[in-house]
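Hi everyone, thanks for coming.

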Amino acid sequence: MNALAATNRNFRHAARILGLDSKLEKSLLIPFREIKVECTIPKDDGTLVSYVGFRIQHDNARGPMKGGIRYHPEVEPDEVNALAQLMTWKTAVANIPYGGAKGGIGCNPRDLSISELERLTRVFTQRIHDLIGIHRDVPAPDMGTNAQTMAWILDEYSKFHGHSPAVVTGKPIDLGGSLGRESATGLGVVFATESVLAEYGKSISGMKFVIQGFGNVGSWAAKLIHDRGGKVVAVSDITGAIKNPDGIDIPALLRYKESNANLKEFQGADAMDPNDLLVHECDVLIPCALGGVINKENAADVKAKFIIEAANHPTDPEADEILSNKGVVILPDIYANAGGVTVSYFEWVQNIQGFMWEEEKVNCELKRYMHKAFLDIKAMCQTHNCNLRMGAFTLGVNRVARATILRGWEA
């Protein structure tokens, strides 16, 4: 099932549980605006090339729209639509004053030089600058984009609107980026894990973890879990997978990764088949890579007792059912990986105030937001007698629906 179908299915289920009016339900699903632009740039060799850029703005009932911009060959409207909608519910679950958006350009950033990427980013910004803004839509980095991409967008946008650091988040620190943003999603995942484990009288210390994906989120989560006494027994990335039943030495692995691309050749662990990673023996499984990795084919063999969804949509709805019947506790993506957008919100707040926070304050506020969101989800689970995914979806959808009704949506 693709991301859009799965998101719509979760939304409809939540709307039924909440007893939403059918007209309101329909209006909440329809995106506010869909933007499609042609970005034509000269390549370094002088030839012209054209790329299609998208920005889907889903909902702004609770505040400016917020969401990443990805550069990926398979950026297609359906997926961008699903991710924009997911951002609407995610920001509502975290209780930050945003709506949802998502965008991207259908290109392979690896095939482009730095100067070509800069030209492409600037042309995209020129095409959409009057449709984004500090109080309208605030982009952020996503797959294939980074702090440098945000710096180019900020610069290009500022040519039209004056210096506007709050127009994007995930910026370099020197241009008004927030301390703690780099580790935010990984740290949020760890705070979420601590909250759910405490619910079952457990803590990270001494538990066995398997982490799929060792990029920004996976590597930070692994480091922070290791620091808290958790045992990371297997990890994987694009290059392969490794395991060590006694726990991998994560600081050593991080040092190794700085100078070596290939994970499999790390000395402190044995190589394993990446396909076996998700069904490896562990207490907690944290998928941090792509969507749809836990599906009806492998769900029955998953041995973890807890799944923390650090990736977007890693568990198919069919797998959800199989895992629920096995008693596996799944912490849903719209809560588990909300650390990134929460610290993006802190960055936006700091930019608007023109007053920067210490890293300690950023992390402390993030912990407070993540813990409060978990308590809110738990309250919804008890009210509606549902699992954590539906608890999170009903919480998010209910907040957006209430804001929509208060603003007067039928007028």
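Our residue is D237, which lies in strand β7, residues 231-237. Strands here are DSSP runs of E with at least two residues, numbered from the N terminus. Before we go on, please note that this is a predicted model: local features need pLDDT of at least 70, side-chain atom pairs count only at pLDDT 80 or more, and totals for chains, interfaces and linings use all residues. Residues are numbered from 1 along each chain as its sequence is written, and side-chain values use heavy atoms, with hydrogens and water left out.

Is D237 buried or exposed? D237 is buried, at a relative accessible area of 17%; buried means under 20%, with a 1.4 Å probe and protein chains only.

Now, its partners. The D237 side chain has a polar contact of 2.6 Å with the side chain of T239, and another of 2.7 Å with the side chain of K257. A polar contact is a pair of N or O atoms within 3.5 Å, where one must be able to donate a hydrogen and the other to accept it; residues adjacent in sequence count only if both atoms are side-chain atoms. Setting aside neighbours within four places in sequence, D237 is in contact (heavy atoms within 4.5 Å) with F214, K257, A261 and L263.

In β8, G240 stands opposite D237.

Finally, the whole sheet: it is open, with 7 strands in the order β9-β8-β7-β6-β10-β11-β12 and mixed pairing.

Conventions
Helices (H or I, at least four residues) and strands (E, at least two) are DSSP runs, numbered from the N terminus. Buried means under 20% relative accessible area, exposed over 50%, partly exposed in between (1.4 Å probe, protein chains only). Two strands pair if DSSP finds at least two bridges between them.
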